[in-house]
Amino acid sequence: MAKVKSTYICQNCGANSAKWIGKCPSCNEWNTYVEEVIEKTDPAKTSWRNDDKPTTRQKPINVKAIEKGSEKRLVTKDAELNRVLGGGIVAGSLVLIGGEPGIGKSTLMLQVALSASNTKVLYVSGEESQQQIKMRAERIGVGTDNCFILSETSTQNIFSQVKEMSPQVLVIDSIQTLHTNRIESAAGSVSQVRECTGELMKFAKETNTPVFLVGHITKDGSIAGPKILEHMVDTVLQFEGDRHLTYRILRTVKNRFGSTSELGIYEMQETGLRQVSNPSEILISQRAEDLPGVAIGATIEGNRPLMIEIQSLVSTAAYGTPQRSTTGFDGKRLNMLLAVLEKRGGLRFNAQDVFLNVAGGIRIEEPALDLAVCASLVSSYHDISISEKVAFAAEVGLGGEIRAVNRIESRISEAEKLGFETIYISRYNTKGLDLKNFNITIKPFGKLKDVFEDLLG
């Protein structure tokens with residue numbers, strides 16, 4: 001009998017060692033090394049195609065001699081997914097989508113598969129039976145004759161079915177449930193995830209078939225499995241949101257075929273995920289009257305302008321140390337803006353509790369919201385409300401100056417389209433800007449103090 005070969009592999013980063021060690025030298029995590037069998041069987045019997053067939057060898061080509069080809073994209077009926085992917089699904093791409101349990105990853109993938117009327121899609125599930133998927137499909141209510149369901153976890157059986165039906169899109173739900181005969185370790189281990197992903201990547205590139213992989217995440221929010229999993233795929237999508245709220249956000253973490261700053265917004269309903277074409281409807285709350293501490297800022301996510309509602313509450317500190325709490329905004333940047341308001345505006349926040357919230361459950365890190373945050377804080381500090389028809393789009397410097405931001409025309413146009421009457425911007429943004437092209441009052445300022453004198457009188 002042949003000797004069984006095994007090694008110790010870190011379940012966090014994928015590093016291997018000949019013997020067990022307590023602390024991983026690569027990721028510095030403790031007790032993550034697990035023994036795994038690495039003895040491989042005959043690859044000719046386990047690969048997605050027969051490896052005994054002769055393969056063509058690629059020769060190096062001068063970069064100037066390579067013909068430039070256009071990317072072939074499959075445009076789905078999901079406009080939000082198309083935007084996040086950079087315009088559609090690229091042929092031969094490997095896309096990994098991760099998110100918390102119950103967030104809606106399987107629903108999104110099944111919904112895309114059912115809506116593909118002219119594309120043959122094979123949906124492989126290693127977690128649910130065909131009957132369970134049928135129940136979800138009936139709830140979604142979108143019917144097609146080109147969506148096929150397979151409940152299987154063995155990559156060899158999956159590839160045998162792929163050879164028979166030749167799907168145009170392959171969906172794997174999820175990659176942690178697959179196993180291959182090439183590796184003797186358990187499903188979900190680092191070796192299995194890496195090997196199965198390698199086979200699927202080889203299949204995608206050689207057949208020019210796009211493959212979607214659904215991935216689990218760890219308790220700290222990162223995608224489970226070795227880090228090499230994210231390096232192997234072409235695109236990494238993150239499905240975010242609170243399971244107790246109805247809205248979901250699809251972000252691009254990595255994209256070899258488009259921008260990584262795009263996002264798609266969905267609303268979870270009983271019939272599936274509804275695309276939110278106008279995100280401002282969820283990011284700006286409906287209120288009957290103006291309230292202190294509320295200001296609207298114009299931001300840019302990818303190519304999409306958004307109007308974000310900033311809510312703040314400033315109250316006297318009940319205990320010795322004032323609290324600083326933020327939701328959806330950088331806490332360090334909030335402390336910086338509070339220091340600017342104290343130094344340049346004469347406001348005393350050192351004895352005040354400050355709570356800041358970005359409405360809608362979205363997280364924004366763009367500095368163009370600085371002026372809206374400052375306006376919200378001053379409004380709550382003086383208990384004076386700001387009109388709901390006023391918007392802000394500017395960065396605030398440490399000297400109390402109002403700094404210019406990029407793509408100011410898109411921000412002003414979005415505010416005008418949503419019915420805002422006035423927008424405060426930096427005076428340095430007015431260079432080359434024709435104010436006559438807008439039907440909204442544009443107020444440019446250079447100092448933070450001048451903005452508050454005009455806004456609050």
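Trainee: What makes Met307, Phe420, Ile423 and Ile440 contacts of Ala415?

Mentor: Ala415 touches Met307, Phe420, Ile423 and Ile440, leaving out residues up to four places away in sequence. A contact needs heavy atoms within 4.5 Å. This is a predicted model.

Trainee: How far apart are the C-alpha atoms of Ala415 and Ile440?

Mentor: They are separated by 8.2 Å. Along the chain, Ala415 and Ile440 are 25 residues apart.

Trainee: Why is Ala415 called buried?

Mentor: Its relative accessible area is 0%. Buried means under 20%, so Ala415 counts as buried. Ala415 is found in helix 10.

Trainee: Where does Arg407 lie?

Mentor: Arg407 is in the loop between strand 21 (402-403) and helix 10 (408-417). Its phi is positive, about 50°, although Arg407 is not a glycine.

Trainee: Why is Arg407 called partly exposed?

Mentor: Its relative accessible area is 31%. Buried is under 20% and exposed is over 50%. The value falls in between, so Arg407 is partly exposed.

Trainee: What makes Asn31 exposed?

Mentor: Asn31 has 60% relative accessibility. The cut-off for exposed is over 50%, so Asn31 counts as exposed. Asn31 is found in the loop between strand 2 (16-17) and strand 3 (33-37). Phi of Asn31 is near 55°, a positive value in a residue other than glycine.

Trainee: Why does Gly320 count as exposed?

Mentor: Gly320 has 76% relative accessibility. Exposed starts over 50%, so Gly320 counts as exposed. Gly320 lies in the loop between strand 16 and strand 17 (324-327). Its C-alpha is 8.3 Å from that of Ala351, a residue 31 places away along the chain.

Trainee: Which peptide bond is cis, and what is its omega?

Mentor: The bond from Asp173 to Ser174 is cis, with omega near 5°. Ser174 lies in the loop between strand 9 (169-173) and helix 5 (190-207).

Trainee: Is Cys196 buried or exposed, and how do you know?

Mentor: Cys196 has 0% relative accessibility. The limit for buried is under 20%, so Cys196 counts as buried.

Trainee: Why is helix 2 called mostly covered?

Mentor: Helix 2 spans residues 105-115, and eleven of its eleven residues are buried. Among them are Lys105, Gln111 and Ser115. Leu108, Met109 and Leu110 are also buried residues of helix 2.

Trainee: What makes a set of residues a nonpolar core?

Mentor: The residues must be buried, of the nonpolar kinds counted, and joined through side-chain atoms within 4.5 Å. The largest such core has 44 residues. Ile308, Leu341, Ile362, Leu371, Leu377, Phe392 and Leu448 touch the most other members. Elements giving two or more residues to this core include strand 13 (263-269), strand 16 (304-316), helix 8 (331-345) and helix 11 (448-456). Helix 9 gives the largest share, seven residues.

Trainee: Which residues is Ile308 in contact with, neighbours within four places in sequence aside?

Mentor: Ile308 is in contact with Leu283, Ala295, Ile296, Gly297, Thr299, Val358, Ile362, Ile364 and Leu369.

Trainee: Which residues does the second, separate core include?

Mentor: That core has 29 residues, including Val84, Val112, Leu114 and Phe212.

Trainee: What share of the whole chain is buried?

Mentor: Buried residues make up 49% of the 457 residues. The accessible surface comes to about 22800 Å², and carbon and sulfur atoms account for 48% of that surface.

Trainee: What is the secondary structure of the chain?

Mentor: The protein chain has eleven helices and 23 strands. Its C-alpha atoms fill a box of roughly 85 × 55 × 55 Å along the principal axes. Among contacts between residues at least 6 apart in sequence, 66% join residues at least 24 apart.

Trainee: How far apart are the mean positions of the positive and negative charges?

Mentor: They are 6 Å apart, for 54 positive and 54 negative charges.

Conventions
Residues numbered from 1 in each chain as written. Predicted model: local features only at pLDDT ≥ 70, side-chain atom pairs only at ≥ 80, totals over all residues. Heavy atoms only, no water. Buried < 20%, exposed > 50% of the residue type's maximum accessible area, 1.4 Å probe, protein only. Helix = DSSP H or I, 4+ residues; strand = E, 2+ residues; numbered from the N terminus. Areas by Shrake-Rupley, 256 points an atom, 1.4 Å probe, with all protein chains shown as cover. Lys, Arg positive; Asp, Glu negative; His and termini not counted. Charge placed at Lys NZ, Arg CZ, Asp CG, Glu CD.
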